[in-house]
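Subject: Structure for your files

Hello,

Here is the structure I said I would send. My notes on it follow below.

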2 protein chains.
Amino acid sequence: MRGFSLTQAIRRAVAIRPETVAVIDGDQAFSWRVFADRVARLAAAFKDLGVGPGDRIVLVALNSHRTLEAFYGAMQAGGVIVPLNHRLGLGEIAAQADDCAPTVVILGPEFASLADVLGKDPSGNARVLIHCASGPAPAGFHAYEDLLAEHEPADDAGRSGDDLACLLYTSGTTSAAKGVMLSHANFCANTANVVPELAMDETTVHLHHGPLFHVASAARLFSTTHVAGTHVILPTGVTHATFVPTMFRMMLDEPSLRTTDLSSLRYVSYGSAAMPEPLLREFMAALPGTRLLQSYGMTELSPVVTILGWRDHLPDAADSGRLRSAGRPAMLAEVAVVDPADRPLPTGSHGEIVASGPMVMQGYWNRPDLTAEALRGGWMHTGDIGYFDEAGYLYVVDRLKDMIITGGENVWSQEVENALASHPAVAQCAVIGKPDPHWGEAVHAVVNLREGMAASESELIAHCRSLIAHYKCPRSVDIRDRPMPLSGANKILKSELRAELEGRGS
Amino acid sequence: MRGFSLTQAIRRAVAIRPETVAVIDGDQAFSWRVFADRVARLAAAFKDLGVGPGDRIVLVALNSHRTLEAFYGAMQAGGVIVPLNHRLGLGEIAAQADDCAPTVVILGPEFASLADVLGKDPSGNARVLIHCASGPAPAGFHAYEDLLAEHEPADDAGRSGDDLACLLYTSGTTSAAKGVMLSHANFCANTANVVPELAMDETTVHLHHGPLFHVASAARLFSTTHVAGTHVILPTGVTHATFVPTMFRMMLDEPSLRTTDLSSLRYVSYGSAAMPEPLLREFMAALPGTRLLQSYGMTELSPVVTILGWRDHLPDAADSGRLRSAGRPAMLAEVAVVDPADRPLPTGSHGEIVASGPMVMQGYWNRPDLTAEALRGGWMHTGDIGYFDEAGYLYVVDRLKDMIITGGENVWSQEVENALASHPAVAQCAVIGKPDPHWGEAVHAVVNLREGMAASESELIAHCRSLIAHYKCPRSVDIRDRPMPLSGANKILKSELRAELEGRGS
C-alpha cells in the first residue's frame, strides 16, 4: 500500500473523525465509522460474488449513500467502478456494459427494469445483479442490505497508484463512447490540485447534486473523502458545491434564491462548459458571500488541469477580462497550446490545448488505437482550441469540432454565444455551423428567450453586429420554445441541435 | 511526462509568474524565467559532462541560489541529486560519495578542499568537479558560471513518478548511514499533504535557513516551487519558515527578537525532534500573529506523515493537551501503531509507529536487506514509539533506541526531558540510559542551563519528582557548560552524549 490510494482516505477519515458525519442522505446520516463498516461489508460481498482484482462493477443509480458505498466498496474489493449515465438510451447503456464486461451489475430501484438488457452478457450468461435499495429485492436480484448483513467487513484489497479505480464512459472528442480508465493516482492528483484552491478540509460539507457518473462529481466525491469532510446528497448547511453554467441560469431563475439562507456556502466551483460572463456576474452579485472557482479539464484529465481561483473573481481581477479565461495550470499540471503538428505555439496564438501530468488517464478501455492517438507525444489532446495570455491564463475559444468555417474564416462558436448571451432577453443559446452551399458553413444560432421577454431574429443579429465582426454573426437564428437538449452533465448537446437542423434541412 | 514530476513545477512557475521573483539570495534576485533558464543550461552542462538517466550528482555546499539550481538542474538532466551534510567528518563524506558513485561532484567554495578526497573514485579515476560559485574555479574544477554561459538550455529529461529524484543520506534507525531513495512522486505526495495545511500559494515567500541536505528543507524547496512561490536564502518579507525545536530556543534567546518586525511571517512549521511544550508556548506568546504547524515524519517518508495543524495550536485546542501530540495522519498518509509482531495495537497502546502511502521511499540505495526490513509488510517502520488517542492524534513518546529500560520498567526519555524542560533554568536537555550494574540502565540527564541562571542537580531531580513517577526521574544530572553536540539538522546527538558517558565511565 505504498502508492496513492483512494480507499486510504476512508481509513484516515475513520482514524481522525470516527463519529462525525460522513454522509447525509435525506433524513439519514452515517458516521465515518458506520460508513466505513458498510463499505467494508459491501467489499466482502463483492469478493464473494466473484469480483477479483481489476474486475468491473457497473452501477446505474441515482445519487444516494449506497451509490457512494458502491464506489468505495468496489475499489476496496479490488474492483473498478463503472457508473453509467442513466439518461442514455437503452442501447447505449447495454453497449457500455458489454464493452466493460462487468462481474456485477448494481441497479437503483428506478432502473430495475434495465435487468432485461443488463442481466445477461452477450453470450447469454446471467450476470450477478444487486438491487441498490433498502428492503427486499425483485426476483433475480441480490438485496443490498441483505448482502451487508450477511458479510463481515473485508480488508482493503490494497490497490493504488496506476491501478484502475474507475471507468467513466464519455463521448469525448469523437462520437463513439469510450471508457476512460482513471487510476487511484489520477484522482489523487486531482485532489492535490483542488484541495488548496478550495480550502477544503475536515469542515467541508460538499453537496452532491450532480450525477456521480460524471467525472466532476466523482472527483469531488474522492477529494471530500480525502479531507474527511461530509458528503450531502440533499442540501443542508452546505459549504462547497460544483455547478455547470446551465445550473447557474436555473438557480438565478428560481424565485426562492433570494429568500433562501445560503450563508454557509463558502465555495462554488463551476466548469464543464463555457461560462457566459454576464451570467457569471449575475450569479456573483446574487451570492456575494460565496467564493467562486472555475476549473477546466475533461474526464480524461480526472478532470482538472487549469483553475481560475477565487482571487481571480474579485472585482479588480475580474475587470481585467480574466473572467473569460479558464485560469492557469493547476499545481501538478502542465498545459500547452500546439499546432496541428503538435509544435508548441507562442503566447496569444490559437491552437489545440494539450495537457500532461499525473492526472492524465491510463487510456481508453479496449481502445489502444484511440489511446495512442489521444496521448501522442505524452500529452493528452483535449480537442479544445485555446490560447494563453501573457500572464499565463488560458482562454478556451471552442471545441475543435464546434469551430465553424465560413467562407474560409474560422469562427469560434463560443465567441458568438458570448455576444448573444449578453442580450438581456437571451436565457440560453448555442451556435453551430449550418451546411451552406455558398459559404461551406453558415453561422446559425439556437436561442431560448427568458420567460416574459421577447427579441426578434433581426434584433439578435444586430446585437451581435454591435459586438463582433460581421462574418462571425449569425446568419440565421432559431428562437426555440422547447428546452435545449442537455447531456447528463447538463451541457447543451450541439450534436443534437445539428441533427435537428439536418433533419429539417433534408 | 504523465507522472508526478518535480521539474514540471518550474515550467508551471514560468508559465504563470515569469517575471516575479523565484529566488532571493542576499542582494541578488532571479525571476522564474531567469532561474528556469539557468537550471536548463546547468542541465545541459550536466548531460555534456556525462550525466545520464539515474546518474548521481553529489553536492556539498552552503545554501545559495546555485544550490537550488543544482537540485533542479540535476533532475532536469535526468540525474539524481545527492546533497551531503558538510558537517560530517571527511571519512563519512567520502564513504557516502563512494556509496552513490557520482558522475559529477559539485563543491561550494568553502568545501573546495574536499576535492582531495572526493576528486577520485575508489579505483583512482578522476571525478568531474564543479566549483559552485561565481568567478574562476581552482585547478581541476569546472567554473559554474562558465558552464552556464557555454551551454544552451536543455529540454527536461522527463523523469517522473517512481523515478529517483534525490538520494538523502541518513543515519536513521541504525548507525550506518544509508542513502534514502526518494522519487518525484514521493515529494509530490508531500507537497499535496502540506500545501493546504500551510495555505501555501504563489504569494508564499519561504525562508531556506535550514541546510538543503536535510529532507525537511529539500521538501519545502519542492513545495515552494510547486506553488510558484519565492525562495529566500537570506530573510526579507518572509511568510513561511520551518524550524526545529533547538532553533526556537535560539530565537527566543536572541535579544533582537522583540524589536524585529516579523509581521509578514504567516506560518512557521516545526518538527524533526520532540518539542517541549513550555518552549512551544513561549514561542507562541512571542509571535502571536504567526500560525504554527507541527509535522512528524522522517527522511524515509519524504518526510511528513502526521500534521498538528494551526487550528490545533489555538488556545482551546492547545489546552486539551494536544500540543504534546504530533497531530493526525496527513491527507494521503496511513499511520498505525504496531506490536513487535507488526500487529495493529488498539488506541492508547504504545508500540512502533508505521506508515504507508505514496510518500514512502523507494528503498535504501544499495541495501535491499535494510529496505526489506524497514518496509516489511508494506509499511515503513519508523523506529519511533508512540500511541494514538481517541481522537486520532498521534503521540510520539520516544525513539525505540532512546527508550531506557531501568529495573525492568520502560522509561521514555522524552517524557523525562519534558519534565526537565519545564524548569525555568533549563535551556536544553537530553535524557539517556547510563549503564548500571544494578538497574541495567539508570536514567541520566544532560542539561544546559540558561545564561545567568542556576540550578543544582538535586533541585532538578526534585523538580522532576514533582511531575513524573519516581522511577522515571534522573538518578544523575550532568550540568554542562559546553553546548550540546548537534546534528546537521540541529538535533541533539544522543549517540555522542552516550559515547562521552561511556568514555568517562571507562
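Is A:Phe283 buried or exposed? The model is a predicted one, and in it A:Phe283 is buried, because 22 other C-beta atoms lie within 10 Å and the cut-off for a buried residue is 20 or more. A:Phe283 belongs to helix H10 of chain A. Setting aside the neighbours within four places in sequence, A:Phe283 is in contact with A:Phe248 and A:Leu252. A:Arg12 lies 271 residues away from A:Phe283 along the chain, and the C-alpha atoms of the two are separated by 36 Å.

Chain A as a whole

Chain A contains 15 helices and 26 strands. Its C-alpha trace spans about 70 × 50 × 50 Å along the principal axes. The radius of gyration of chain A is 23 Å, which agrees with a compact globule, because a globule of 506 residues would have a value near 23 Å. Of those 506 residues, 54% count as buried. If contacts in chain A are taken between residues at least 6 apart in sequence, 67% of them join residues at least 24 apart.

Domains of chain A

The domain assignment divides chain A into domain 1 (35–160), domain 2 (205–399) and domain 3 (403–505). Between the centres of domain 2 and domain 3 of chain A, taken over C-alpha atoms, there are 24 Å. Where these two domains of chain A touch, 17 residues of domain 2 are in contact with 16 residues of domain 3. On the domain 2 side, helix H9 (245–252), helix H10 (277–286) and strand E21 (394–399) of chain A each supply at least two residues. That side of domain 2 of chain A is made up of 11 nonpolar, three polar and three charged residues.

The four-stranded sheet in chain A

Chain A has an open sheet of four strands, in the order E17-E18-E20-E21, with antiparallel pairing. Strand E17 (334–338) and E21 of chain A are the edge strands; each has a single partner strand, so one side of each is left without a neighbour in the sheet. On average, neighbouring strands of this sheet are turned by 50 degrees against each other, direction ignored. Within the sheet, E17(A) and strand E18 (residues 351–356) of chain A run antiparallel and are joined by five bridges. A:Ala336 stands opposite A:Val354, which is in E18(A).

The sheet in chain B

In chain B, four strands form an open sheet in the order E17-E18-E20-E21, and the pairing is antiparallel. Its edge strands are E17 (334–338) and E21 (394–399) of chain B, each of which pairs on one side only. Neighbouring strands of this sheet are turned by 50 degrees against each other on average, with direction ignored. B:Glu352 stands opposite B:Ile385, a residue of E20(B).

A hairpin in chain A

Strand E24 (residues 426–436) of chain A is mostly covered, with eight of its 11 residues buried. E24(A) forms a hairpin with E25(A), and three residues lie between the two strands. E24(A) and strand E25 (residues 440–449) of chain A run antiparallel, joined by 10 bridges.

Where the chains meet

How many residues of chain A are in contact with chain B? There are 27 of them, and they are in contact with 27 residues of chain B. Helix H1 (8–16), helix H7 (184–197) and strand E16 (328–329) of chain A each supply at least two residues of the side that touches chain B. H1(A) gives the most to this side of chain A, with five residues. Sorted by class, the side of chain A that touches chain B has 14 nonpolar, seven polar and six charged residues.

Regards

Key
Residues numbered from 1 in each chain as written. Chains lettered and ligands numbered in written order. Predicted model: local features only at pLDDT ≥ 70, side-chain atom pairs only at ≥ 80, totals over all residues. Rg over C-alpha atoms; globule rule 2.2 N^0.38 Å. Buried ≥ 20, exposed ≤ 12 C-beta atoms within 10 Å, placed from the backbone. Contact = placed C-beta atoms within 7 Å. Pairing = 2+ DSSP bridges. Axes fitted to C-alpha atoms, helices over the stretch in contact; angles between N-to-C directions. Domains from an automatic or database assignment. Nonpolar A, V, L, I, M, F, W, Y, C, P; charged D, E, K, R; others polar.
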